[in-house]
Amino acid sequence: MSLELKDIRDFLAAHHPFDLLPGSALDQIPARLTARYFRKGSVILQPDITCLHLHIVRTGAVETQSPDGHLLARLSEGECFGVRAMFRGGKAANRITAIEDTLVYQLPESDFHDLAGKHPQFAYFFELMGGARLRGGMQMAEARDEDQLKLMSLQVKDLIGRDVVSLPQTATLLETGQHMNKERVSCLLLTDEAGKIAGIVTDRDLRNRVVAQGLDYATPVSRVMTPNPISIAPDAYAFDALLTMTRHNIRHLPVVAPGADTPVGVITTTNLLMRQSLSAVYMAGQISKMDNPADMAGVIAQIPELLRQLIDAGATSQNAGHIVTTLADTVTSRLLELAEQKFGPPPVPYVWLAGGSQGRQEQTAISDQDNCLMLDDAYDSAQHGDYFRNLAEFVCDGLNTAGYVYCPGEMMAKTEKWRQSVATWQRYFTTWIQSPEPKALMLCSVWFDLRPIYGKTSLYEQLHRQILTMASGNRIFLAFMVGNAQSHQVPLGFFRNFVMIRGGEHDRTLDMKHSGVVPIVDIARIHALGNGIAAVNTTARLQAALHTSSISAQGARDLMDAYEFISITRLKHQVAQIRDGQRPDNFLHPESLSAFERSHLKDAFNVIKTLQSALESSFGKSGT
């Protein structure tokens with residue numbers, strides 16, 4: 001051990017709780033630390049800054065203040081901070097400022113958890129600082145959910161630990177093995193003449209396909225590579241990467257620049273720490289191996305509990321919706337795999353699309369089906385109709401058995417009208433946009449929120465671009481959409497009092513879906529269609545609209561805040577019902593909220609009301 005590392009070790013050994021650790025554990029810590037220097041007055045942490053380290057003050061002093069400015073603590077040499085943040089999904093709660101020139105050691109979160117897991121005396125010290133969840137079964141479940149949320153905020157590009165390692169696909173097996181050994185990598189990306197990804201080869205491939213088969217080392221690596229490997233974009237979430245790797249049972253996932261198809265790196269199960277205990281990923285892994293929709297139903301029945309855990313762990317509605325929707329996507333994909341096994345390969349290419357809340361990735365504990373089939377224009381109903389009818393019925397019936405009930409309006413692929421060729425779908429959208437009428441507007445709320453789930457996605461992508469071009473250039477259509485959106489009134493009276501449902505099963509409640517969530521979804525959809533925005537998720541649409549002239553940046557931000565508050569209030573209401581053993585619904589008694597929450601809910605409704613009115617100036621007013 002160098003003199004510098006020994007000095008750090010001696011420093012730790014002189015301060016609690018590191019003095020409780022055995023010498024062998026102390027020896028390992030110094031090399032894991034990062035030193036950071038902060039000038040007096042520097043802000044080290046503040047609310048919502050990501051904190052994934054234990055901070056240890058070596059010299060100097062720091063001050064902790066609450067968000068409203070109250071002094072909470074002053075820490076000096078040998079004292080630690082950042083623990084609570086690590087147990088809040090990595091988000092700091094308070095402001096921590098250097099009040100002297102300060103040197104801080106940072107211990108990575110994974111090393112902190114490793115020490116806490118191996119040394120109870122170390123874990124016990126941090127219990128009073130928010131670390132009690134380190135111990136016991138329930139505590140492990142909470143840590144699991146926090147890990148899951150971190151993967152929802154972490155992007156794939158943040159996991160790439162080094163520059164891409166690649167070779168041309170014309171390289172020999174000998175050159176490939178030598179290059180992998182030199183670079184110390186377990187996989188290698190292969191590229192074509194244009195530098196685009198052509199394949200991947202792993203150390204397992206070299207063992208099983210080369211050594212075991214006795215291939216000549218002069219053989220081109222293209223003979224043993226996996227061509228056109230599954231890949232992911234750099235800005236995708238780490239959660240989606242882990243889900244993809246779990247579904248496809250792969251250990252290496254190329255990261256490819258969208259559009260260019262050029263590799264930028266690889267992530268592995270090691271990068272992600274392969275936390276198989278993550279509930280949604282584990283549930284998806286179970287579903288992807290099941291052959292019976294009834295078995296899938298047993299997994300889907302756990303969604304209310306999953307939702308409860310996510311909300312308790314501090315998930316946003318965006319996080320929760322994305323995670324819950326991945327399970328619907330997984331069930332759908334697995335049923336389509338089983339359908340193709342049962343009925344044979346499809347006679348023409350197709351893509352299965354989800355609409356509504358699944359399409360927007362905004363599902364909650366209550367979900368029915370909204371889906372359709374888009375078929376290649378080579379589709380002939382006489383020759384191919386029976387195959388796709390059987391496939392659609394198999395999948396829709398399976399989804400219903402699994403817990404995703406039939407759409408009351410029959411907007412499903414098993415309905416022949418929603419199982420058509422690309423050309424027919426193009427006629428549908430052209431009619432809806434060029435000749436808008438009430439029924440078309442109702443269909444828009446589902447079919448203008450489509451997202452490919454399985455199959456040949458290019459069938460939809462070109463049509464989607466055409467839809468956006470048609471919609472953004474049709475002021476009459478947009479004006480009709482505005483009129484439809486304004487028909488969804490928020491439950492707010494003239495004197496800012498709640499206008500509640502009167503009589504019936506839901507007497508004196510607010511419909512948080514149709515009077516709160518839906519109006520914002522409508523507004524976001526109009527701004528997306530009016531500006532040619534390809535995003536389908538509501539928050540993503542509003543974020544993209546920030547950069548347009550149809551809505552002010554402040555208005556878009558206010559609407560995003562209102563959407564999050566209404567959505568999370570709705571989810572918390574459903575979680576409370578789940579705890580009480582009730583079936584979750586969307587009908588909230590305002591009395592169940594605090595005065596603070598009621599005030600903010602009124603503010604959120606008022607934002608919707610204001611921005612509904614503003615739609616007319618941007619897109620016109622319907623004359624109907």
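Predicted model: local features only at pLDDT ≥ 70, side-chain atom pairs only at ≥ 80, totals over all residues.
Next I looked at α9 itself, which covers residues 238-248. Nine of its 11 residues are buried, so I put the helix down as largely enclosed by the rest of the structure. I listed the buried ones as A238, F239, D240, A241, L242, L243, T244, M245 and T246.

I then turned to helix α12, residues 303-312. This helix is mostly covered, with seven of its 10 residues buried. I wrote down I303, L306, L307, R308, Q309, L310 and I311 as the buried residues of α12. After α12 I came to G314, where phi is positive and near 95°.

My last entry concerns a pair of helices. Two packed helices are described by the angle between their axes and the distance between the axes, so I looked up both values. For α11 (residues 293-300) and α15 (residues 381-402), the axes come within 7 Å and cross at roughly 40°. That angle makes α11 oblique to α15. I recorded the crossing of these two helices as right-handed.

Which residues of α11 and α15 meet? On the α11 side I found P293, A294, M296, A297 and I300, and on the α15 side G398, T401 and A402. Sorted by class, the contact of α11 with α15 has six nonpolar residues, two polar ones and no charged ones.

Key: Residues numbered from 1 in each chain as written. Heavy atoms only, no water. Buried < 20%, exposed > 50% of the residue type's maximum accessible area, 1.4 Å probe, protein only. Helix = DSSP H or I, 4+ residues; strand = E, 2+ residues; numbered from the N terminus. Axes fitted to C-alpha atoms, helices over the stretch in contact; angles between N-to-C directions. Parallel < 35°, antiparallel > 145°, perpendicular 65-115°, else oblique. Left-handed = near helix turned anticlockwise from the far one by under 90°. Contact = heavy atoms within 4.5 Å. Nonpolar A, V, L, I, M, F, W, Y, C, P; charged D, E, K, R; others polar.
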